[in-house]
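I want to write down what I look up, entry by entry.

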Amino acid sequence: MNRKQTFALGVLMAAGVLSFLSCKRNVFDEEKYIEIVTQQSPVDSIEAGHNFTLAASHQIKVTANVEAGAKWLRILTDNPTTGHAATILGETYCADGETVSLTFSAPVNQTAFYAALVDADEIHYTLRQFSASDSEIDFSEPMVVRGRRTRIPTVQTYSYCYEDQQPEASEYSYNDLVLRMSYQRTGEKEISLTVSLAAVGTTKKLAAAIRLPGIPKTAIDSIATEGERKGRGEDFDRNYDPLGTEYLTQEGLLMRANTSGEAVVRLFEDAHWAIDPSLTVDHGMMTRKRYNVAPTPGDDYELVTPRTIVYHIYFNDDAALNSFRLDAIDPFVVYGYNGALWEIHLYPFQGTQVFYEYNLVKSVKLLPWAIMVPKGDFRYPRTGYEIGYYKNGALFGTYMTVGHSFGEWVVDHTASTDWYDYPTLNMAF
């Protein structure tokens with residue numbers, strides 16, 4: 001019996017302890033709930049105040065006081081004129097002589113960056129290095145002036161990983177849904193957001209969308225997919241026979257949070273239909289396999305190419321556009337639990353109610369049901385493996401390298417902040 005089955009049995013034996021979660025009029029035994037989930041915790045302790053965030057935002061004010069022929073200011077991880085692989089962490093328009101401010105996101109363990117003034121052909125780079133402690137820089141002493149790049153910088157990509165067991169304690173494999181996201185500034189008022197559906201490791205129906213915190217729907221003119229712009233009409237959703245309640249309550253790619261009025265980007269109504277273009281319904285029933293979580297396909301598992309959709313988001317408001325970052329968005333899952341619809345959010349947004357009302361118990365400290373990893377090729381656990389345990393002084397799981405483990409990071413948010421770079425290979429997909 002696996003951890004998920006063990007916990008489900010415990011909940012059944014608790015005689016409806018969690019039934020309150022779908023109906024406020026029901027009686028809820030919070031002490032029993034805390035006892036059950038504490039027993040199922042994969043770690044001895046969780047640091048008080050831990051926010052389970054692996055990325056940090058930085059703001060830099062840059063004066064382009066150099067003849068660079070600049071069109072763009074880009075923040076990079078390395079120097080692309082030396083042949084090194086560089087990643088774009090943030091970008092904005094900037095001409096020679098201008099002063100601009102830019103907020104960008106980076107892994108918390110990254111402290112050195114490169115400011116690059118890039119010409120209109122995106123070939124010549126004028127560079128200077130700066131540190132995370134800098135708030136204002138200029139180009140009075142550049143390290144490179146109009147150097148020719150030898151490698152094209154790549155865009156920053158983050159991975160968003162979800163568990164489907166909220167509010168129950170889980171096996172914490174974080175592979176029930178895995179999304180990869182990156183974005184680029186592609187126009188004066190436009191961002192292109194690339195979303196890849198990498199894995200669906202559950203047999204449950206999961207819908208997904210992205211809330212844009214602090215950005216009202218009115219700040220966005222429209223959203224179109226790359227397929228729509230080219231006349232193909234391509235998006236994650238496909239026409240299919242509905243297999244239950246519609247989880248996303250509004251039509252169209254641009255939706256609105258019920259209470260806050262914030263903008264919400266529609267991703268898909270059903271993850272299984274979204275990831276597998278060949279999926280069919282037989283006699284009104286669908287066999288839900290698990291996708292891209294096992295090394296070989298079989299009766300219960302399938303391997304497919306991750307499905308990718310590009311969203312073009314057109315803004316009315318410059319401030320809203322400039323606030324868009326991968327660590328500031330809130331991709332969330334909608335799923336059915338105990339007769340109601342719930343939402344799974346990243347820890348910084350945990351408990352947010354975009355479309356549905358639900359209650360999370362705040363008096364017990366659990367691992368979150370969703371995490372963001374600032375790594376585009378993050379190797380999430382295979383089915384049957386946990387992300388990492390720390391019990392009785394011993395480390396277990398997919399990320400258990402001493403000094404670089406998930407369990408040590410849970411105990412101390414300043415330790416093992418690079419744990420996602422150290423998988424146990426035979427446990428990771």
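**Entry 1: a word I need before starting.** I call a residue buried when its relative accessible area is under 20%, and exposed when that area is over 50%. I also note that this is a predicted model.

**Entry 2: Tyr174.** I looked up Tyr174 with that cut-off in hand. Its relative accessible area is 0%, so Tyr174 is buried. I found Tyr174 in the loop between β10 and β11. Tyr174 has a positive phi of about 50°, although it is not a glycine. I remind myself that most residues other than glycine have a negative phi.

**Entry 3: aromatic pairs.** How many aromatic pairs does the structure hold? I read off 21. I took Tyr174 and Phe406 among them: their pair is tilted, with 6.5 Å from centre to centre and 55° between the planes.

Next I looked at Tyr183 and Phe324. This pair is edge-to-face, at 5.0 Å centre to centre and 65° between the planes. Tyr183 is in strand β11, and Phe324 is in the loop between α5 (318-322) and β20 (330-337). They are 141 residues apart, so I log another link between distant parts of the chain. Tyr183 is buried at 17% relative accessible area. Phe324 is buried at 3%.

I then asked which residues form one aromatic cluster. The members are Phe52, Tyr172, Tyr174, Tyr347, Phe378, Tyr399, Phe406, Trp409, Trp419 and Tyr420.

**Entry 4: charges over rings.** I checked two charged side chains. The charged end of Arg74 sits over the ring of Trp72, 4.9 Å from its centre. Lys205 lies over the face of Tyr247, at 4.2 Å from the ring centre.

**Entry 5: back to the β10-β11 loop.** I returned to this loop for Gln166, which is also placed there. Is Gln166 buried or exposed? It is buried, with a relative accessible area of 0%. I looked for a polar partner. A polar atom of the Gln166 side chain lies 2.9 Å from the backbone oxygen of Glu343. The peptide bond from Gln166 to Pro167 is cis, with omega near 5°. Pro167 lies in this loop too. For context, most peptide bonds are trans.

Entry 6: Asn292 lies in the loop between β17 (290-291) and β18 (301-302). It is buried, with a relative accessible area of 2%.

**Entry 7: an open sheet.** I traced 5 strands in the order β15-β16-β13-β20-β21, with antiparallel pairing. Which strands are at the edges? They are β15 and β21 (340-344), each pairing on one side only. Neighbouring strands are turned by 35° against each other on average, direction ignored. Strands of a sheet pair through backbone hydrogen bonds.

I went through the pairings one at a time.

- β15 (residues 254-256) and β16 pair over 3 bridges, antiparallel. Arg256 stands opposite Ala263 in β16.
- β13 (residues 206-216) and β16 run antiparallel and share 5 bridges. Ile210 stands opposite Val265 in β16.
- β13 and β20 pair over 6 bridges, again antiparallel. Ala207 has Val334 in β20 as its bridge partner.

Strand β16 (residues 262-268) is mostly covered, with 7 of its 7 residues buried. The hairpin of β15 and β16 has 5 residues between the strands, and Gly261 takes a positive phi near 75° there.

**Entry 8: helix α2.** Which residues of helix α2 (residues 30-39) are buried? I wrote down Tyr33, Ile36 and Val37. They cover an arc of only 90° around the axis, so they lie on the same side of α2. On the other side, Glu31 and Gln39 are exposed.

Notes:
Residues are numbered from 1 along each chain as its sequence is written. This is a predicted model: local features need pLDDT of at least 70, side-chain atom pairs count only at pLDDT 80 or more; totals for chains, interfaces and linings use all residues. Side-chain values use heavy atoms; hydrogens and water are left out. Buried means under 20% relative accessible area, exposed over 50%, partly exposed in between (1.4 Å probe, protein chains only). Helices (H or I, at least four residues) and strands (E, at least two) are DSSP runs, numbered from the N terminus. Two strands pair if DSSP finds at least two bridges between them. Rings of Phe, Tyr and Trp (its six-membered ring) pair if their centres lie within 6.5 Å; planes under 30 degrees apart count as stacked, over 60 as edge-to-face and the rest as tilted. A charge sits over a ring if NZ of Lys or CZ of Arg is within 6 Å of the ring centre and within 35 degrees of the ring normal. The arc is that of the directions from the helix axis to the C-beta atoms. Axes are lines fitted to C-alpha atoms, for helices over the stretch in contact, and angles run from 0 to 180 degrees between N-to-C directions. A polar contact is a pair of N or O atoms within 3.5 Å; within protein, one must be able to donate a hydrogen and the other to accept it, and residues adjacent in sequence count only if both atoms are side-chain atoms.
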